[in-house]
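Dear colleague,

I am passing on a structure for you to look at, together with some notes on what was found in it. Please read the notes alongside the model itself.

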Amino acid sequence: MSFTSFDEHEESKFLRKAKENPFVPIGLAGFFAIVAHRLYKMKYRGSTKMSVHLIHMRVAAQGFVVGAMTLGVVYSMYKDYVLKPAEAQRALEKK
């Protein structure tokens, strides 16, 4: 097995996982966007202490990730407990 085929395999695995649970990449993107924005705004923080600014940045980034994970769990439960039984019911009605 060559390294190029290994990289392609890992990339396809990542894409498959991202399609199964799309809120994980959204959470990561939001996390990095919030951190980048807050680091950029650091020089305009005024009289706010550095530690307070960093704590606010951490809380905002963690809040976004936890929110994305919560939405992902709700979406997964919706797929498993609402859509699949409805599809099974329609399949039974067709027979």
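**Confidence in the model**

The chain as a whole has a mean pLDDT of 85, with 91% of its residues at 70 or more. Where pLDDT is low, predicted coordinates should not be read in detail.

This is a predicted model, in which local features need pLDDT of at least 70 and side-chain atom pairs count only at pLDDT 80 or more, while totals for chains, interfaces and linings use all residues. Residues are numbered from 1 along each chain as its sequence is written, and side-chain values use heavy atoms, leaving out hydrogens and water.

**Domains and annotated spans**

The assignment, which is automatic or taken from a database, divides the protein chain into domain 1 (1-44) and domain 2 (48-94). Each of the two domains gives 14 residues to the contact between them, contact meaning heavy atoms within 4.5 Å. Their C-alpha centres lie 17 Å apart, and the area buried between them is about 1,200 Å², of which carbon and sulfur atoms give 81%; buried area is the accessible area (1.4 Å probe) that two parts lose on being put together, summed over both.

An unreviewed UniProt entry lists residues 22-40 and 60-78 as "transmembrane region", though such annotations may be inferred rather than shown by experiment. In the model, residues 22-40 are 95% helix and 0% strand, with end C-alpha atoms 27 Å apart, and residues 60-78 are 100% helix and 0% strand, with end C-alpha atoms 27 Å apart.

**H53 and R38**

H53 is found in helix α3 (residues 50-94), and R38 in helix α2. H53 counts as buried because its relative accessibility is 6%, whereas R38, at 24%, counts as partly exposed; buried means under 20% relative accessible area, exposed over 50%, and partly exposed in between (1.4 Å probe, protein chains only). The two residues are 15 apart in sequence and 8.2 Å apart in space, C-alpha to C-alpha, and the side chain of H53 reaches the backbone oxygen of R38 at 3.0 Å. Not counting residues up to four places away in sequence, H53 touches R38, K41, M42, R45 and T48, while R38, on that basis, touches H53, H56 and M57.

Key
pLDDT is the predictor's confidence in each residue, from 0 to 100. Helices (H or I, at least four residues) and strands (E, at least two) are DSSP runs, numbered from the N terminus. A polar contact is a pair of N or O atoms within 3.5 Å; within protein, one must be able to donate a hydrogen and the other to accept it, and residues adjacent in sequence count only if both atoms are side-chain atoms.
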